[in-house]
Amino acid sequence: MADASLWTALADPHRRAIVALLLERPRPVGEIVEACGLSQPSTSKHLKVLREAGLVRVRQDAQRRVYALDTAPIAELDAWLAPYRRLWNAGLDKLGRRLDEASDRPEEPATKD
């Protein structure tokens, strides 16, 4: 099972927004602050939680800290979710077949009560 710290880190909507930003490309803290509309200290706290969960890594670029997504924990979550995805897909396939069968039947005329 995926580490509980990953689930905890991703439970917060601000941290999920940061992960979504970093999915596009690595970003300096200032860009993350601006894009998320949070204060710099609040953004730094969220980045710390993501870093401690292993979801992001940071590198120093002169005076800036640049954050990037670490895909290894995301792959771990994806692997954990795979059996559930198969379960949902099987259920949705079954529903799709039933809907197709229902649409293939001729419509019954409406009756007046």
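This is a predicted model: local features need pLDDT of at least 70, side-chain atom pairs count only at pLDDT 80 or more; totals for chains, interfaces and linings use all residues.
Leaving out residues up to four places away in sequence, which residues does H46 touch? Residues are numbered from 1 along each chain as its sequence is written, and side-chain values use heavy atoms, with hydrogens and water left out.

H46, then. With neighbours up to four places away set aside, H46 touches D12, H14, R15, I18 and L38; contact here means heavy atoms within 4.5 Å. H46 sits in helix α4. Helices (H or I, at least four residues) and strands (E, at least two) are DSSP runs, numbered from the N terminus. The relative accessibility of H46 is 10%, so it counts as buried. Buried means under 20% relative accessible area, exposed over 50%, and partly exposed in between, using a 1.4 Å probe and protein chains only. The H46 side chain also makes a polar contact with the side chain of R15, at 3.2 Å. A polar contact is a pair of N or O atoms within 3.5 Å; within protein, one must be able to donate a hydrogen and the other to accept it, and residues adjacent in sequence count only if both atoms are side-chain atoms.

I32 belongs to helix α3 and is buried, at 0% relative accessibility. Beyond four places in sequence, I32 touches I18, L21, L22, R27, T43, L47 and Y67.

Next, the sheet. It is open, with three strands in the order β1-β3-β2 and antiparallel pairing; two strands pair if DSSP finds at least two bridges between them. β1 (27-28) and β2 (56-61) are at the edges with a single partner strand each, so one side of each has no neighbour in the sheet. Six bridges join β2 to β3, and Q60 has R65 in β3 as its bridge partner.

Last, the aromatic rings. There are two aromatic pairs. Rings of Phe, Tyr and Trp (its six-membered ring) pair if their centres lie within 6.5 Å; planes under 30 degrees apart count as stacked, over 60 as edge-to-face and the rest as tilted. W7 and W80 are edge-to-face, 5.3 Å centre to centre with 70° between the planes. W7 is in helix α1 and W80 in helix α5 (residues 71-104), so this pair ties together parts 73 residues apart in sequence. The W80 and Y84 rings have centres 5.0 Å apart and planes at 35°, so that pair is tilted. W80 and Y84 are both in α5, four residues apart, about one turn of the helix. W7, W80 and Y84 make up one aromatic cluster. W7 is partly exposed at 32% relative accessibility, as are W80 at 26% and Y84 at 43%.
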